[in-house]
Amino acid sequence: MSTEREKKIRVLVGGVFDILHVGHIHFLSQAKQLGDELIVIVAHDETVVKRKGRPPINSMHERAEVLKALKMVDEVYIGEPDGISFELVKKINPDVVALGPDQDFKCEELKRQLRQHGINAEVIRIPYLYKSDVAKTSRIIKRIVEIFCE
């Protein structure tokens, strides 16, 4: 990507990342390819409850620790309970914000909101890499219940 003397391209992603699966790995790998540094904001536990209607299986601290262990991830932050913290995003100062294929943000709307907060980042939607990427944590939980509880 860029040389050491040039500014490193910072790519920011966010998500729940509960029960890490192959779709997460493909998404994070594709996001990393967009720049030099990959920064992840892990959804706060309260945000998971609000958005998913259930508590996370793994706490935000456990999810952050797992993500920090991945070689493609350079930094991990835990988000605020009220959703996007534009203050945190501004602190991270990304060049690119990469959205997952199933995240319900509209690229242009998010780009507009970022600009309103003085954040000049490109917003890119990353597509599914493979059919296997449509694995969802909720489906994995359902399968575990089917196998072990019935």
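Val-97 has Val-123 in β5 as its bridge partner. This is a predicted model, in which local features need pLDDT of at least 70 and side-chain atom pairs count only at pLDDT 80 or more, while totals for chains, interfaces and linings use all residues. Residues are numbered from 1 along each chain as its sequence is written, and side-chain values use heavy atoms, with hydrogens and water left out. Helices (H or I, at least four residues) and strands (E, at least two) are DSSP runs numbered from the N terminus.

**Sheet**

- Five strands form an open sheet in the order β3-β2-β1-β4-β5, with parallel pairing; two strands pair if DSSP finds at least two bridges between them.
- β3 and β5 (122–125) are the edge strands, each pairing on one side only.
- From one strand to the next, the twist averages 25°.
- Four bridges join β4 (residues 96–99) to β5 in the parallel sense.

**Helices on the sheet**

- Helix α1 lies across β1, β2 and β4 and runs at about 135° to β2. Axes are lines fitted to C-alpha atoms, for helices over the stretch in contact, and angles run from 0 to 180 degrees between N-to-C directions.
- Helix α5 (residues 107–116) also packs on the sheet, where α5 touches β4 and β5 and makes about 155° with the direction of β5. Contact means heavy atoms within 4.5 Å.

**Helix α3**

- Met-60, Arg-63, Ala-64 and Leu-67 of α3 are buried (under 20% relative accessible area; exposed is over 50%, partly exposed in between, with a 1.4 Å probe and protein chains only).
- These four residues lie on the same side of α3, because they cover an arc of only 100° around the axis; the arc is that of the directions from the helix axis to the C-beta atoms.
- His-61 and Glu-65, on the other side of α3, are exposed.
- The cover over the buried residues of α3 includes α1, β2 (37–42), α2 and β3.

**Nonpolar cores**

- The largest nonpolar core has 18 residues, of which Val-13, Leu-28, Leu-38, Val-40, Leu-67 and Val-73 touch the most other members. Such a core is a set of buried Ala, Val, Leu, Ile, Met, Phe, Trp, Tyr and Cys residues joined through side-chain atoms within 4.5 Å.
- Two or more residues of this core come from each of β1, α1, β2, α3 and β4.
- Leaving aside residues up to four places away in sequence, Val-73 touches Leu-28, Leu-38, Val-40 and Leu-67.
- A second, separate core has 14 residues, among them Phe-86, Leu-88, Ile-92 and Val-123.

**Salt bridges**

- There are 11 salt bridges in the structure, each a side-chain nitrogen of Lys or Arg within 4 Å of a carboxyl oxygen of Asp or Glu.
- Arg-54 and Asp-18 form a salt bridge whose closest N and O atoms are 3.5 Å apart. Arg-54 is in the loop between α2 (45–52) and α3 (60–68), and Asp-18 in the loop between β1 (10–15) and α1 (22–32), 36 residues apart. Asp-18 counts as buried, at 1% relative accessibility.
- Lys-32 and Asp-74 meet in a salt bridge at 2.6 Å, N to O. Lys-32 lies in helix α1 and Asp-74 in the loop between α3 and β3 (75–78), so this pair ties together parts that are 42 residues apart in sequence. Asp-74 is partly exposed, at 41% relative accessibility.
- Arg-63 and Asp-45 also meet in a salt bridge (2.6 Å, N to O). The pair links helix α3, which holds Arg-63, to helix α2, which holds Asp-45, 18 residues apart. Both Arg-63 and Asp-45 are buried.
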